[in-house]
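Here is a short briefing on one protein chain. Look at the whole fold before turning to the details.

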Amino acid sequence: MSKYKHEIVNYLYRNDEYLSGQHIAETLNCSRVTVKKVIDQLRKEGFEIESISNKGYKIAKIPTTWQEDIVNIELKDNILLNRAIVQTQVDSTQILAKAHVNDTDNHFIVLSDEQTKGRGRFNREWSSLKSKGLWMSVVLRPDIPIQKMSTFNLFISLAIQEVIEQHYHIQCKIKWPNDIYIGNKKVCGFLTEMIADTDGVNAIICGIGINLNQTQEEFDKVNQSRATSLNIENGKPIEPYQFLSVLIKAIEQRYDQFLNLPFSEIKELYKSKSMIWNKTLTYTEGNKQIVGRAIDIQDNGFLTVISEDGDLHQFMSADIEI
């Protein structure tokens with residue numbers, strides 16, 4: 001029945017009118033009994049399917065959990081990221097993406113409703129409540145030298161910032177190089193890893209976590225003062241499929257710029273969206289830690305900071321205490 005389930009979900013989702021069981025059966029070359037069994041199964045999985053005598057079936061509401069069939073329908077027209085692997089629960093989408101990276105030479109994404117061992121930069125735990133956020137890893141296949149990767153996070157963080165601000169009208173800023181903050185609370189972070197050799201980068205695996213629909217009470221006590229969600233800031237729930245569709249298009253656009261434009265072309269825009277200027281902050285990178293003020297971003301993406309004693313320091317990917 002799995003084959004017909006895939007076809008019936010696709011057919012119903014693509015059509016906004018009522019479709020009779022007989023019509024579906026004839027179109028998909030199956031029996032009406034099969035159609036009825038699939039409809040019953042979909043309802044058990046959380047689909048709200050309206051049924052009216054002499055008219056047929058129509059999807060009224062899809063589940064809040066990710067459905068692989070529907071995700072791939074939403075992605076099908078994308079240029080690069082038009083295939084998804086979807087799981088109900090994983091330890092980490094980043095780990096699953098790495099496990100599949102050699103299965104194909106194409107770009108793809110990995111999505112999960114829940115992560116049990118989500119991690120961010122510096123191996124920090126990332127809370128990934130079921131069906132409350134976008135827990136995703138994006139696998140990209142560039143043909144670039146390793147040194148070009150120093151600006152990748154800057155392009156992608158700008159894509160995320162723009163989606164939140166332009167499509168959801170929530171003012172937010174980037175904490176260099178790649179965290180997204182609303183006020184002084186974090187709403188998004190991501191971790192970029194790569195597979196490379198002496199010839200260059202073979203794959204980029206970018207794990208992205210965005211808080212969509214948590215309430216303030218759903219954050220633990222530590223994070224209630226440090227984290228927020230788009231739901232909290234927007235005052236209403238975020239429709240995840242719509243958010244995913246808009247975000248993937250923005251990532252594709254900024255990724256194309258990353259491949260074809262120097263960072264200097266968007267540097268001033270990036271700086272205008274950053275939250276670190278005119279502040280004395282603590283910067284830590286490896287064993288190096290200074291207190292100072294960020295004064296510029298170099299064309300290679302490195303951050304220039306002047307310390308309290310007047311010395312200049314360059315950081316490639318520092319941890320910044322806000």
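## The chain at a glance

The secondary structure of this chain comes to 9 helices and 14 strands. The model is predicted. Its C-alpha trace spans about 80 × 45 × 30 Å along the principal axes.

**Burial and surface**
- The chain has 322 residues, and 51% of them are buried.
- Its accessible surface comes to about 15700 Å².
- Carbon and sulfur atoms hold 45% of that surface.

**Nonpolar cores**
- The largest nonpolar core has 87 residues.
- Inside this core, M136, Y283 and L303 have the most contacts.
- A second core is separate and has 10 residues, including V90, L96, V139 and I205.

**Contacts along the chain**
- Take the contacts with a sequence separation of 6 or more: 60% of them join residues 24 or more positions apart.

**Charges**
- The chain carries 37 positive and 42 negative side chains.
- The centres of these two sets lie 5 Å apart.

**A look at V291**
- V291 sits in strand β11, which covers residues 288–297.
- Is V291 buried, partly exposed or exposed? Its relative accessibility is 32%, so V291 counts as partly exposed; buried would need a value under 20%, and exposed one over 50%.
- Which residues does V291 touch, leaving aside neighbours within four places in sequence? V291 is in contact with T280, L281, T282, S307 and E308.
- V305 is 14 residues from V291 in sequence. In space, the two are 8.8 Å apart, C-alpha to C-alpha.

Technical notes:
Residues are numbered from 1 along each chain as its sequence is written. This is a predicted model: local features need pLDDT of at least 70, side-chain atom pairs count only at pLDDT 80 or more; totals for chains, interfaces and linings use all residues. Side-chain values use heavy atoms; hydrogens and water are left out. A nonpolar core is a set of buried Ala, Val, Leu, Ile, Met, Phe, Trp, Tyr and Cys residues joined through side-chain atoms within 4.5 Å. Buried means under 20% relative accessible area, exposed over 50%, partly exposed in between (1.4 Å probe, protein chains only). Helices (H or I, at least four residues) and strands (E, at least two) are DSSP runs, numbered from the N terminus. Contact means heavy atoms within 4.5 Å. Accessible areas come from the Shrake-Rupley method with a 1.4 Å probe; for residues, only the protein chains shown count as cover. Lys and Arg count as positive and Asp and Glu as negative; His and the chain ends are not counted. The place of a charge is taken as NZ of Lys, CZ of Arg, CG of Asp or CD of Glu.
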